[in-house]
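Me: I am new to this structure and would like to learn how to read it. Please take one feature at a time.
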Amino acid sequence: MKSLNKKQFILLLFGLGFLFPFLAWIIELSKSGIEFTLSGILEIHRQNPVLIILDTIPIVFAITGYLIIEKKEELQKQYDTLQGQLISQTENINRVAEFAEKIGNGQFDIDFEITDESDTLGKTLQNLRDTLHENNQKESLQNWEMVGKDKINQILRKHNDVNILSQEVLEALIHYIDVVQGVFHIYDDEIEKLYVSASYAYNRRKYLKGEVKVGEGLVGQAAIERDIVHRTEIPDYYLSITSGILGEKKPDSILIVPIFMEEKLQGAFEFASFKRFKEHEIKFVKSIAEIVAQTIYNLKITEKTERLLKESQEMTQELKENEEELRQNAEEMRLTQEELEKTNINLEEKVEEVNRSQKRLYSLLENASELITIYDKNKKLKYVSPSVKNILGYTEEDMFAGKDFDRTNKRGQNTINQMFENLLKNPDQPQEIQYTYLNKHGSIMFLETTGRNLLHDPAINGLLLNTTDITERKRAEKEQRMRGQMQTLSDNSPDIIIRVDLNRQFFYANPAIECYSELKSEEFHKKHLNEVDLREELTTFIDQTVEKVINKKQKVQTEISFPVNEEQHIINANAIPEFNEEDRLETILFILHDITELKKIEQEIKEKNAKITDSINYAFRLQNALLPNQKQIRNIFPDSFLFYIPRDIVSGDFPWLYEKDDSVFISAIDCTGHGVPGAMLSLIGYFLINQIVSQPKDHNPGDILCQLHRGVQKTLKQDLDDASARDGMDIALCKINTKKMQLQFAGAHRPLYLVRDGNLKEFRGTRTAIGGIPRPGKPEPKFENFVVDIKKGDAIYIFSDGLSDQFGGPEGKKYFPKRIKEAIIKNKDIPMNQVLAYFKNDYIKWLGDNKQIDDVLMIGIRF
């Protein structure tokens with residue numbers, strides 16, 4: 001078999017297998033006595049079908065041989081693979097052993113490549129190398145930091161002078177962290193600035209600024225931020241470093257470390273280097289800054305204490321020198337004091353007499369009927385008499401605080417300003433003005449002021465104003481004026497106006513009564529009701545009404561009708577009681593107004609209103625027939641509600657429901673306006689959105705709103721240049737697939753609230769409305785489409801702004817979306833029909849006696 005190839009081996013097996021059918025043919029031909037020919041072989045196969053099965057033996061042998069060869073080759077490949085893996089693992093073990101030996105010798109920087117992800121030992125040794133290397137580096141850095149701190153501590157213990165100490169500390173740090181340049185800034189508390197105490201490698205002093213304010217430059221910025229500044233991008237204004245080898249070159253890195261002690265700034269380190277600062281170097285400098293801060297703070301305290309002690313000693317010596325002089329001055333003051341006491345006794349007696357005189361004058365001025373004020377030439381109040389309290393209600397302090405002029409109107413202020421100007425221009429001529437004023441009690445009063453210029457009088461030295469309350473005089477003049485006007489109005493009024501006493505005697509009748517009598521109006525004066533020739537109906541009415549007013553002592557209003565020139569006239573009659581000063585009924589004023597034409601107009605309006613109402617009611621029935629109701633929504637979503645309260649008979653807000661394939665579209669739509677205009681726009685929206693959704697293509701809510709936006713603009717011709725209709729609609733649109741448990745939402749100015757596991761999430765609609773006149777240069781809006789996977793127990797709420805914008809409650813404020821959210825969370829676990837009942841009751845309670853301002857629409861669904 002080894003000498004045979006694959007093809008030869010298969011042919012050999014095929015030949016061996018062919019022996020079996022061949023022997024069977026020979027035996028069968030012998031039995032049947034048939035010659036060994038092709039036709040004879042076919043004949044025996046026809047007689048004995050079993051031979052057909054024997055004919056397949058060569059094929060079976062060939063296939064078996066093929067499978068044996070394939071299996072042998074597969075086993076050979078597996079053997080070769082295992083042999084290669086064994087060799088590879090042996091080599092890897094040798095590499096790992098060599099790697100472990102080097103780690104043991106402390107060679108942590110050697111590289112070791114993992115050739116096989118299953119080499120656990122190699123990975124472990126690699127991690128061990130990294131850990132040992134890291135620990136070795138940390139230990140080296142710690143030793144480096146401790147040595148550095150020890151050097152600095154030796155310097156700090158050695159010096160008490162800040163300047164010497166700062167120079168040696170700076171130089172030691174520069175050498176230790178291997179930088180080329182540095183500055184040590186000390187903070188001066190008195191001037192509140194940082195000054196340079198020490199510097200290193202600054203060959204040009206002009207680059208070394210003597211003082212730095214906190215917040216100024218990089219150093220000042222580090223101080224105000226209380227943090228280090230590490231810059232690798234060096235500003236253009238920063239100095240260059242000059243070297244004999246490198247020439248003049250900017251540093252590659254700068255480090256500024258502020259020095260603080262107990263939250264107080266003590267100074268700052270500033271270093272420049274040709275290399276980048278390492279983390280352990282920055283950490284080391286920060287730790288040194290803390291140590292140095294304590295030392296500088298102590299030195300400052302010591303220096304301040306010494307300075308104060310020296311000043312105290314100098315002051316003590318000065319006080320001793322002045323003590324004798326003070327003793328002599330004290331004796332002279334005692335003698336002077338005795339003399340002053342005698343003088344004060346005489347002065348107090350004179351002051352007491354002046355006080356008594358001032359009290360008398362104050363009492364007179366306080367009870368005067370005039371208010372006296374004095375102003376300087378700049379209109380600044382210098383004096384106000386005590387009578388201001390009785391006349392205006394304000395105190396003198398109130399007047400000095402500005403109540404003298406700011407309680408009058410603009411016209412009054414202009415009048416007062418004009419008076420001041422006239423007094424200054426014509427000092428010899430007094431000025432008199434009248435104006436209104438709002439007193440302390442909130443009442444308007446009339447004042448008359450007479451002004452005199454007494455700037456030349458040393459006792460006054462100002463503009464003297466005498467002000468009198470003329471409110472009662474003005475009221476009397478107004479009453480007299482009104483009586484005259486009333487008489488004129490009555491004489492020219494088309495209404496009948498008469499005045500009679502309790503005995504039915506006439507005191508006045510205007511000319512309008514002549515239409516109902518043959519007498520002139522002036523002939524009614526002093527005549528009894530029975531003495532004048534009036535229509536019987538009018539005479540009876542006056543007589544009976546007088547009796548009613550006498551009994552009730554109240555105004556009587558009624559309507560009477562009687563024929564005039566064969567036409568029935570309707571009169572609106574008012575009988576007004578008039579009382580004297582003792583509150584006794586004295587006369588009765590009758591005002592009779594012909595309202596026949598008004599009644600006709602009123603009847604026409606009623607008839608027109610009835611027709612309009614019938615039309616609106618018909619429109620209401622049509623709108624209700626188009627829109628979904630509570631029952632239709634619950635047929636699809638059993639646990640749901642529809643809260644719908646139109647402001648008028650027909651509504652601009654409307655719910656919308658549409659079923660398509662496995663999806664249900666539901667929406668809360670708020671059209672511009674309400675009532676009939678809103679309902680007209682709602683029909684446009686209803687038919688447009690139906691037309692869009694009924695198309696064969698399956699649109700998401702965002703696409704539907706885009707098409708609806710264009711449809712409204714086109715329908716209302718808002719896309720034309722001369723468009724004027726800015727109407728549109730806000731909408732919250734949902735597409736719900738209950739089989740896939742998926743919700744899609746898009747909104748125009750309206751949100752969707754999703755309640756899940758007791759938490760409320762708000763999906764805000766796009767901040768643009770459907771429809772409206774396009775703005776030039778501004779692209780048309782794209783409405784965002786939200787996709788949410790819903791689960792059982794989730795609840796959604798969509799609504800118009802009619803509920804949230806309704807005014808009411810104890811303070812007359814809006815309902816607001818916040819109240820809606822709180823109500824939804826509060827009732828998250830109850831059925832939707834109970835949620836509906838809650839919102840209805842809460843809305844009615846909130847509305848109270850207020851008027852409903854807009855249509856209210858809200859839809860809630862729980863899945």
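This is a predicted model: local features need pLDDT of at least 70, side-chain atom pairs count only at pLDDT 80 or more; totals for chains, interfaces and linings use all residues.

Me: Which way does α16 pass α17, left-handed or right-handed?
Reply: The crossing of α16 past α17 is right-handed.

Me: Which residues of α16 and α17 meet?
Reply: From α16 come Ile684, Gly685, Leu688, Ile689, Ile692 and Val693, and they meet Ile704, Gln707, Leu708, Gly711, Val712 and Thr715 of α17. Sorted by class, the residues of this contact between α16 and α17 are eight nonpolar, four polar and no charged.

Me: How are α1 and α2 placed relative to each other?
Reply: The range for roughly perpendicular is 65 to 115 degrees. Helix α1 (residues 6-32) packs against helix α2 (residues 38-47) at about 85°, with the axes 10 Å apart. The pair α1 and α2 is therefore roughly perpendicular. On the α1 side the residues are Trp25, Glu28, Leu29 and Ser32, and on the α2 side Gly40, Ile41, Ile44, His45 and Gln47. By class, the contact of α1 with α2 has four nonpolar, four polar and one charged residues.

Me: At what angle do α18 and α19 cross?
Reply: Helix α18 (residues 816-826) and α19 cross at roughly 145°, and their axes come within 11 Å. This crossing of α18 and α19 is right-handed. Arg819, Ile820, Ala823, Ile824 and Lys826 of α18 make the contact with Tyr838, Phe839, Asp842 and Trp846 of α19. The residues of the contact of α18 with α19 divide into six nonpolar, no polar and three charged.

Me: What does the side chain of Asp842 pair with?
Reply: Look for N or O atoms within 3.5 Å of each other. The side chain of Asp842 has a polar contact of 2.4 Å with that of Tyr815, and another of 3.0 Å with the side chain of Arg819. Leaving out residues up to four places away in sequence, Asp842 touches Tyr815 and Arg819.

Me: Now a loop residue. Where is Ser385, and what does its side chain contact?
Reply: Ser385 sits in the loop between β10 (381-384) and α9 (388-391). With a relative accessible area of 1%, Ser385 is buried. The side chains of Ser385 and Ser387 are joined by a polar contact of 2.9 Å.

Me: Which residues touch Val564, leaving aside its neighbours within four places in sequence?
Reply: Val564 is in contact with Tyr516 and His569 on that count. Val564 belongs to strand β16 (residues 556-564) and is buried, its relative accessible area being 15%. Along the chain, Val564 and Tyr516 are 48 residues apart, while their C-alpha atoms are separated by 8.6 Å.

Me: Backbone angles next. What is phi of Asn461?
Reply: Asn461 has a phi near 50°, a positive value in a residue other than glycine. The place to look is the loop between β12 (444-454) and β13 (462-469). At 40% relative accessibility, Asn461 counts as partly exposed.

Me: Where is Lys717, and what is its phi?
Reply: Lys717 lies in the loop between α17 and β22 (728-737). Its phi is positive, about 60°, although Lys717 is not a glycine. The relative accessible area of Lys717 is 54%, and it is exposed.

Me: Last, the whole chain. How many helices and strands does it have?
Reply: The chain comes to 19 helices and 31 strands. Of its 863 residues, 37% are buried. For contacts in the chain with a separation of 6 or more, 55% are between residues 24 or more positions apart.

Notes. Residues are numbered from 1 along each chain as its sequence is written. Side-chain values use heavy atoms; hydrogens and water are left out. A crossing is left-handed if the near helix is turned anticlockwise from the far one by less than a right angle, and right-handed if clockwise. Helices (H or I, at least four residues) and strands (E, at least two) are DSSP runs, numbered from the N terminus. Contact means heavy atoms within 4.5 Å. Ala, Val, Leu, Ile, Met, Phe, Trp, Tyr, Cys and Pro count as nonpolar, Asp, Glu, Lys and Arg as charged, and the others, Gly among them, as polar. A polar contact is a pair of N or O atoms within 3.5 Å; within protein, one must be able to donate a hydrogen and the other to accept it, and residues adjacent in sequence count only if both atoms are side-chain atoms. Buried means under 20% relative accessible area, exposed over 50%, partly exposed in between (1.4 Å probe, protein chains only). Axes are lines fitted to C-alpha atoms, for helices over the stretch in contact, and angles run from 0 to 180 degrees between N-to-C directions. Angles under 35 degrees count as roughly parallel, over 145 as roughly antiparallel, 65 to 115 as roughly perpendicular and the rest as oblique.
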